[in-house]
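Subject: Handover of a structure and findings

Dear colleague,

Please find the structure below, together with its sequence. My findings follow it, and I would be grateful if you would read them with the model open.

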Amino acid sequence: AHCSLQAKRLLLDPKFEGYKLSLAPLAWYPLGLDAAVAEVQLRDDQYTLDHMRAFGMYNYLHLDSWYQDNVYYVDQFGRIMNLSVTLDTALQKPREVFRLPTDLTACDNRLCASMHFSSSTWVTLSDGTGRLYLIKSGKRGSSASEKWEIVFNEELGSPFIVAHSASFVKSDAHSLAVLLLRVEKDELDTKGSGFHVTLEWVTIAEKKEGDQRYEIVKRRVLQGKSVPHYAAIEPSGDGLMIVSHKPFTFMQNESDKLEENDDAKVSNEKKDPLYYWQQTEDDVTVTVHLPQDITKDDIKIHFSPDNICVMLKDQPPLMEGKLYSSVDHESCTWIIREDKSLEISLIKKNEGSRWPELIIGDTRGEFVMDSSQCSEISESLMHLTSEVMNPNPEKENPPCNAQELEECDAFLEDGASLCRFDGDTLKVTHIINLGSNQYLFSVVVNPREMPCFCLRHDVDALLWQPHSDQPENMWEHIATFNALGYVQASKQDKKFMACAPDYSYAALCECLRRVFIYRQPTPLATVLYNRKEGRQVGQVAKQLVATLEANDPILGFQATSERLFVLTTKTLFLIKVNSGN
């Protein structure tokens with residue numbers, strides 16, 4: 001189904017005046033790391049935009065949305081380090097919670113290690129060499145009950161990064177679904193970049209014995225020509241949502257392909273229409289090709305006001321069913337023509353009506369339009385088309401004036417779409433063409449739901465929450481960041497964007513040092529007047545800028561309701577944005 005995103009008007013502010021730069025100092029704290037972050041530089045053979053998007057712009061800082069202010073990163077010794085913040089005044093150093101068993105430096109073509117928090121006690125983890133770990137972590141964020149144990153680990157082919165995962169119970173067995181992202185060489189692609197992107201959807205379930213052992217029960221692969229901006233599994237594990245510039249499709253197994261080929265053969269055999277039909281304003285003419293040995297006596301045709309039945313010899317009816325509209329059945333006739341074809345004439349009861357089909361639901365016939373009807377239809381549509389692109393440029397409301405568009409309004413990605421795939425049929429069930437609604441970032445508002453995604457709508461940035469269990473309201477507009485779509489377009493050096501899960505602010509960081517924070521409008525304590533319009537201003541939205549004392553590039557960026565976490569190679573910075581309630 002082709003759908004559209006419905007913005008809530010109450011969440012839009014047409015009178016928004018812009019952000020006021022606040023010079024109030026921001027409290028920020030640097031935490032030195034014991035060992036550098038395990039950054040993996042792009043190799044010479046990873047030169048495409050897709051490699052840059054997937055791996056070069058990778059966010060090395062992982063936010064655990066199940067627990068407040070809890071972040072993780074992997075250091076160069078393969079240790080997974082955790083920082084859990086309760087008080088800014090009593091910050092402790094990041095602590096090790098797990099160590100990857102493999103020697104990461106031994107693998108030549110490895111990617112960065114990646115992880116996703118599937119539930120409050122389960123973690124999916126990749127070491128970047130092509131091995132997937134399923135980990136039971138206990139309650140995280142407190143050193144007392146947190147103990148990471150490997151429950152499942154398996155080599156799954158070429159290196160990948162974990163894009164998303166979900167934990168659920170299906171047919172009384174605990175299951176985890178994981179999405180693995182790869183950029184692979186494509187020998188067949190001679191005109192493009194020479195690579196394609198795959199998303200592998202792996203389902204791992206507990207064995208029936210209940211001895212805590214897990215095994216892979218399903219592996220499915222989607223392929224596309226661009227790295228998805230957003231890819232997430234539904235909480236129930238029944239479907240998948242993808243926002244991408246170029247479409248993704250499921251790749252079939254060999255057995256599925258053979259079955260489909262058989263179906264294709266059958267459908268090819270049925271290709272020739274059983275009958276041809278034409279119509280005028282008064283009547284309908286049906287032509288049926290007869291087998292050689294059929295004579296006039298073998299044909300039985302029964303007309304009624306709304307039905308037709310055509311039988312040859314003692315065979316099942318050749319044509320039978322309800323006609324699209326009523327006919328004058330007493331005036332209907334049939335003859336056998338010289339070329340051994342049967343011609344049936346049906347007289348319409350309602351003259352002038354055009355029939356879109358002959359027998360309701362019957363697709364075995366083919367409608368033949370004569371030339372006069374073709375020209376009649378094209379004449380009736382003539383007023384909708386024009387030979388010239390803009391025939392009347394002086395018109396009051398021209399269709400579009402490209403000169404009014406600013407440079408930051410020109411998107412490279414005008415073909416982006418949001419698709420929902422069904423896990424059983426592997427088909428797209430919903431599709432939204434995003435057009436100029438540029439994708440900005442994703443954020444987890446409620447860890448039990450799918451991640452939200454933020455899209456640009458005109459100058460604003462709108463946050464959408466997917467609800468896979470509500471087909472009528474599958475994407476809900478839950479928050480607006482005024483003018484953020486416009487503001488971020490001017491930040492040429494931006495690397496990451498994020499927002500607080502309570503929507504109190506949005507933030508973006510550049511590749512080096514600078515962090516910009518945009519707060520939601522808040523009521524003013526003092527009286528402020530707009531001098532231009534001579535009216536009182538009730539609320540103001542503040543912009544804050546933090547410049548970190550760091551010479552290393554920013555590798556990770558995460559936002560919580562109270563603070564921002566910024567990761568560089570050797571330091572983890574905490575920026576206090578909101579004071580806790």
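Which residues of helix α1 (residues 49–56) are buried? In this predicted model, they are Asp50, His51, Ala54 and Phe55. Viewed down the axis of α1, these buried residues fall within an arc of 95°, so they line one face of the helix. The partners against which they pack are three strands, namely β11 (161–170), β12 (173–185) and β13 (195–206).

Overall architecture

The chain has 4 helices and 39 strands. Its radius of gyration is 32 Å, well over the 25 Å that the globule rule gives for 581 residues, so the chain is more spread out than a compact globule. Along the principal axes, the C-alpha atoms fill a box of roughly 100 × 75 × 45 Å. Of the 581 residues, 45% are buried. Where contacts link residues at least 6 apart in sequence, 56% of them join residues at least 24 apart.

Three domains are assigned: domain 1 (1–32 + 438–580), domain 2 (33–253 + 415–435) and domain 3 (275–363). The centres of domain 2 and domain 3, taken over C-alpha atoms, lie 60 Å apart.

How many of the 6 residues of strand β26 (residues 417–422) are buried? The count is 6 of 6, so the strand is largely enclosed by the rest of the structure. In a regular strand, side chains alternate between the two faces of the sheet.

Strand β16 (residues 239–244) runs antiparallel to β26 and is joined to it by 6 bridges. Within this pairing, Gly239 stands opposite Asp422 of β26. Strand β27 (residues 428–433) is also antiparallel to β26, with 5 bridges between them, and here Ser417 stands opposite Asn433 of β27. β26 and β27 form a hairpin with 5 residues between the strands, and Leu426 in the turn has a positive phi of about 60°.

Two loop residues

Ser119 is located in the loop between β7 (114–117) and β8 (122–126). Is Ser119 buried or exposed? Its relative accessibility is 11%, and under 20% counts as buried, so Ser119 is classed as buried. The side chain of Ser119 reaches the backbone nitrogen of Trp122 at 3.2 Å. Leaving aside residues up to four places away in sequence, Ser119 touches Trp66, Arg140 and Ser167.

Asp282 occupies the loop between β18 (275–279) and β19 (283–289). At 41% relative accessibility, this residue counts as partly exposed. Which residues does Asp282 touch, not counting those up to four places away in sequence? They are Leu346, Ile347, Lys348 and Glu351. Asp282 and Leu346 are 64 residues apart along the chain, and their C-alpha atoms are separated by 8.9 Å.

With kind regards

Conventions
Residues are numbered from 1 along each chain as its sequence is written. This is a predicted model: local features need pLDDT of at least 70, side-chain atom pairs count only at pLDDT 80 or more; totals for chains, interfaces and linings use all residues. Side-chain values use heavy atoms; hydrogens and water are left out. Domain bounds come from an automatic or database domain assignment. Buried means under 20% relative accessible area, exposed over 50%, partly exposed in between (1.4 Å probe, protein chains only). The arc is that of the directions from the helix axis to the C-beta atoms. Contact means heavy atoms within 4.5 Å. A polar contact is a pair of N or O atoms within 3.5 Å; within protein, one must be able to donate a hydrogen and the other to accept it, and residues adjacent in sequence count only if both atoms are side-chain atoms. Two strands pair if DSSP finds at least two bridges between them. The radius of gyration is taken over C-alpha atoms; the globule rule is 2.2 Å times the number of residues to the power 0.38.
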